[in-house]
Amino acid sequence: MSTLSQWQLRAAFAARLSEMYGQEVPAYTTLVDVSREVNEDVLRARGTDATRLGSISRVTAERHGAIRVGTPRELGQVARIFGALGMHPVGFYDLREAAASAVPVVSTAFRPVDGEELARNPFRVFTSMLTPADPRFFDAELRSRLEAFLADRELFPPELLALADRATAERELPQEEAERFLRLAVRAFELSAEPVDKSWYETLERVSAVAADIGGVRSTHINHLTPRVLDIDELYRRMTDRGIEMIDTIQGPPAWEGPDVLLRQTSFRALAEPRAMRTPDGGVISGALRVRFGEVEARGIALTREGRALYDELLGHVDERMSRNPSASRDEIARTVWERHLPGSEQELAAKGLAYFTYHVHPDRPRDGTRPPADIGELLRQGWVRAEPIVYEDFLPRSAAGIFQSNLSGEGTRHSDQQGTAYDADRLSGAIGHDVLDPFALYARQQNDSLAHVARELGLTDALS
């Protein structure tokens, strides 16, 4: 009997989810088409340099999804489903602190962590969990009502969870069971036709549109799917030219002449989608909700802790300059700051320990009898080794919050005088039942493995750093 391995299940799920979401949100199909056009044009213009951060087949197939759940129990069930696909929770993101408006969620991302698995299919899902216990957003009465509502719903059928557990344990599923699993999994993230309780939804919406989208309905749904593009500025222009309303900015680092780092994101604005609404008298009327949007991303090089600290420092410089001159162009200010403070080449990033790379012995360097130095910067400078950038596979809380905020219909309600409820990676790990992995540790391990291999090949006895 033929079977589907975890990566094949992951690839099939990503493809089917994309097809389903395209039927639900036709503008997403336009986004995918324009992304493909831009990628093909960039490949023709730049040649192999365009694939420096991933093959064109990987970039074209790449997606990240976003979903929202309400409770630790639901988050644990999501972890079981994605575990079946070889995806692990990586990173902790507190969007409550990153957003100026009311976004009462904490998040992690489920993704493959092994380099080979990422190359096969890098599907990832940014997953947010509501925080009803945070008094800055929910008073005691509303919290009680919200927690009772969430406890009474079932997002994922037992059959789906049982199949997920089997796939995780066996690392594969027989063809028939795999098909059943995929159908149930995709169906779990479809937009439900069940009428939305209008009064209850609006009660939560006054606090936060995100809270209403999570706790105001009896199901979950895919909130957005994000293709990857090689030139996000060109995509933004082309989408606008097609008459599709984009959010005001591209989130993340600015466009500049130096290396692409971390992650840049933008989206088209949330569209009004028809939904059936149940009124207090029990009747059902036609309504519309704006909660889903189309996001697109351009990925750069993963930064080390030192590089990330520099990135955050540069954001602070930009914010400070904007506060002094609010009418200035943020992009121009950011570009100026980047050019002044961030190394302008991959080699400089590597030499200063600001970004992660895998290192490989240069096969055609003439051997002149000299002993190679035990310093990676000198090995690079003298041509002993070459450095390949490690792609940033994760997310930026400020950028994610910026995307959320740009698609909200209002600011919501936030009582900043209240003490917020503490969440961190350890607390989220307990909710999921699995450790939330540290992305820096994953990148460092990949880099260190390559350095150890280089040292062995060159006959160096000291560890490289």
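Axes here are lines fitted to C-alpha atoms, for helices over the stretch in contact, and angles between N-to-C directions run from 0 to 180 degrees. The model is predicted.

**Exercise 1. Helix 4 against helix 18**

Task: Describe how helix 4 and helix 18 pack, and classify the contact residues.

Solution: 
- Step 1. Take the geometry. Helix 4 and helix 18 (residues 425-432) pack at about 75°, and their axes are 7 Å apart.
- Step 2. Apply the cut-off. Angles of 65 to 115 degrees count as roughly perpendicular, so helix 4 is roughly perpendicular to helix 18.
- Step 3. List the contact. Helix 4 supplies Pro72, Leu75, Gly76 and Ala79. Helix 18 supplies Leu428, Ala431 and Ile432.
- Step 4. Sort by class. The contact of helix 4 with helix 18 holds 6 nonpolar residues, 1 polar and no charged. Gly counts as polar by this rule.

**Exercise 2. Helix 4 against helix 8**

Task: Find the orientation class and handedness of the crossing of helix 4 and helix 8, then sort the contact residues.

Solution: 
- Step 1. Take the geometry. Helix 4 (residues 72-83) meets helix 8 (residues 158-170) at an angle of about 50°, with the axes 7 Å apart.
- Step 2. Assign the class. This angle makes helix 4 oblique to helix 8.
- Step 3. Assign the hand. The crossing of helix 4 and helix 8 is left-handed.
- Step 4. List the contact. From helix 4 come Gln77, Arg80, Ile81 and Gly83. From helix 8 come Leu160, Leu161, Ala164, Asp165 and Thr168.
- Step 5. Sort by class. The contact of helix 4 with helix 8 has 4 nonpolar, 3 polar and 2 charged residues.

**Exercise 3. Aromatic pairs**

Task: Count the aromatic pairs, then work through Phe137 with Phe138 and Phe149 with Trp200.

Solution: 
- Step 1. Count. Rings pair if their centres lie within 6.5 Å, and the count comes to 15 aromatic pairs.
- Step 2. Take Phe137 and Phe138. Their ring centres are 6.4 Å apart, the planes 55° apart, and the pair is tilted. Phe137 and Phe138 are both buried.
- Step 3. Take Phe149 and Trp200. This pair is also tilted, at 5.7 Å centre to centre and 45° between the planes.
- Step 4. Phe149 lies in helix 7 (residues 140-151) and Trp200 in helix 10 (residues 198-207), so the pair ties together parts 51 residues apart in sequence. Phe149 is buried, as is Trp200.
- Step 5. Look for a cluster. Ring pairs link Phe13, Phe82, Phe110, Phe123, Phe156 and Phe189 into one.

Methods: Residues numbered from 1 in each chain as written. Predicted model: local features only at pLDDT ≥ 70, side-chain atom pairs only at ≥ 80, totals over all residues. Heavy atoms only, no water. Helix = DSSP H or I, 4+ residues; strand = E, 2+ residues; numbered from the N terminus. Parallel < 35°, antiparallel > 145°, perpendicular 65-115°, else oblique. Left-handed = near helix turned anticlockwise from the far one by under 90°. Contact = heavy atoms within 4.5 Å. Phe/Tyr/Trp six-rings, centres within 6.5 Å; stacked < 30°, edge-to-face > 60°. Buried < 20%, exposed > 50% of the residue type's maximum accessible area, 1.4 Å probe, protein only.
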